[in-house]
Amino acid sequence: DVPDSAYIDGQVADRAVEALGQLKGKPFFLAVGFRRPHLPFSAPKKYWDLYDRDNVPLPAHRSFPPNVPSYAVHKSEELRGYNDIDDEGPISDNKARELIHGYYASISYTDAQIGKVLAELDRLGLRKNTIIVLWSDHGFHLGEKNLWAKTTNFELDTRVPLIISAPGKKQNSRSDALVELVDIYPTLAELSALPIPVELEGKSMAPLLSNPNLDWKKAVFSQFPRPWLYKGEPKVMGYTVRTDQYRYVEWRDFKTNEVKARELYNIATDPQELKNIVNVPGHVSTIKDLKQILDKGWKSVLP
C-alpha cells in the first residue's frame with residue numbers, strides 16, 4: 001500500500017512531467033517507457049483493489065490446439081522463472097486468476113501514469129502542437145492455449161495497442177488497416193514535416209489519420225526464432241504473414257532455409273487461432289498466394 005512513485009513506472013511518470021516543464025517553449029522529442037504490464041505484476045495496492053479476483057475470467061481455451069507444429073509452442077519460460085510458479089505442468093485456476101488479476105492491476109497502474117503525463121501536457125498548453133503516440137512492443141498470453149507471456153507468432157503476441165494523436169488530424173476514430181511498428185518512424189517524420197529516409201522499411205500512417213478507411217497494406221509481417229533461449233544462432237525461424245483474413249507461418253531452418261513446418265489460420269472464422277488448416281483440402285491456392293507474399297516481402301504489399 002504505497003504511492004505510485006514507490007514503483008519504477010511512477011518514477012518514470014514523475015520524471016516525464018519534470019522533463020515537460022523543462023522542454024516547453026522549444027521543439028522536443030520525449031520518449032517515455034513504462035514497464036508494466038510486463039512481468040512481474042507489481043503495482044500499488046489501490047490498483048489491485050479495482051478488481052475482484054473471484055470475478056476475474058479464465059481463458060476459454062486453455063489447452064494447446066492439435067495439428068499445430070511443436071515449434072509454435074513454448075514452455076512459458078519467462079513466467080516459470082519466478083519461484084512461486086512450478087517449473088512445469090499446468091497453472092492452477094487460483095494462480096491463473098492471481099496472475100490475470102495482477103495483469104489488470106498493472107494495466108490500470110500504467111494507465112494512471114500515462115494520464116499523469118498527458119494532464120501535464122494539457123496544463124502546459126502543449127497539446128495542440130504535440131504529436132502523441134502510444135504503443136507497446138509486443139502482446140501477451142494469459143493462459144490462452146496454455147501459453148503465458150510472449151515469444152510466439154500468434155495474434156495475441158504480435159498485435160499491440162497503437163494510438164496516435166496528432167494536431168489537425170481526425171479525432172476519436174479507428175482504422176482496421178494493417179499497420180506495423182516499423183511504420184511509426186516514417187509517420188512521425190511526415191507529421192513533423194521532416195524528410196523520410198529512403199532506407200526505412202515502414203510506411204507512413206499519416207494518411208490514415210485523415211481517412212481511416214483508405215485501402216492500405218495487403219499484409220503485415222512478423223518473425224520469431226525457436227527455441228528463443230538457444231545460445232547462438234536459432235535452430236529455426238518462424239516467418240509470418242498476416243492479412244485481413246489469414247495468418248500463414250513457415251518455420252525455416254535458420255541455415256538451410258528449408259521449410260520444416262507450416263501453419264495457416266483463418267482469422268475471420270477462427271480469431272483465436274485454434275485450427276491449423278494448412279493441410280485441410282481446399283486451401284492450396286490460398287497458401288500459394290500467402291507464400292508468394294511472404295517470399296516477396298514488405299514492398300509487395302504496400303498500398
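Modeller: Start with the residues that touch the most other members of the largest nonpolar core: Phe 41, Leu 79, Ile 91, Leu 99, Phe 140, Leu 142 and Trp 148, out of 14 in the core. Such a core is a set of buried Ala, Val, Leu, Ile, Met, Phe, Trp, Tyr and Cys residues joined through side-chain atoms within 4.5 Å. Buried means under 20% relative accessible area, with a 1.4 Å probe and protein chains only. Helix H4 (93–123) and strand E3 (148–149) each give two or more residues to this core. H4 gives the largest share, four residues. Helices (H or I, at least four residues) and strands (E, at least two) are DSSP runs, numbered from the N terminus.

This is a predicted model, where local features need pLDDT of at least 70, side-chain atom pairs count only at pLDDT 80 or more, and totals for chains, interfaces and linings use all residues. Residues are numbered from 1 along each chain as its sequence is written, and side-chain values use heavy atoms, leaving out hydrogens and water.

Now take Phe 140. Not counting residues up to four places away in sequence, Phe 140 touches Leu 39, Phe 41, Tyr 103, Ala 149, Leu 156 and Asp 157; contact means heavy atoms within 4.5 Å.

Pro 40 lies in the loop between helix H1 and helix H2. The bond from Arg 36 to Pro 37 is also cis, with omega near 15°. Most peptide bonds are trans.

Last, Thr 151 lies in the loop between E3 and helix H5 (155–158). Its phi is near 70°, a positive value in a residue other than glycine. Thr 151 is buried, at 5% relative accessible area.

Methods
Buried < 20%, exposed > 50% of the residue type's maximum accessible area, 1.4 Å probe, protein only.
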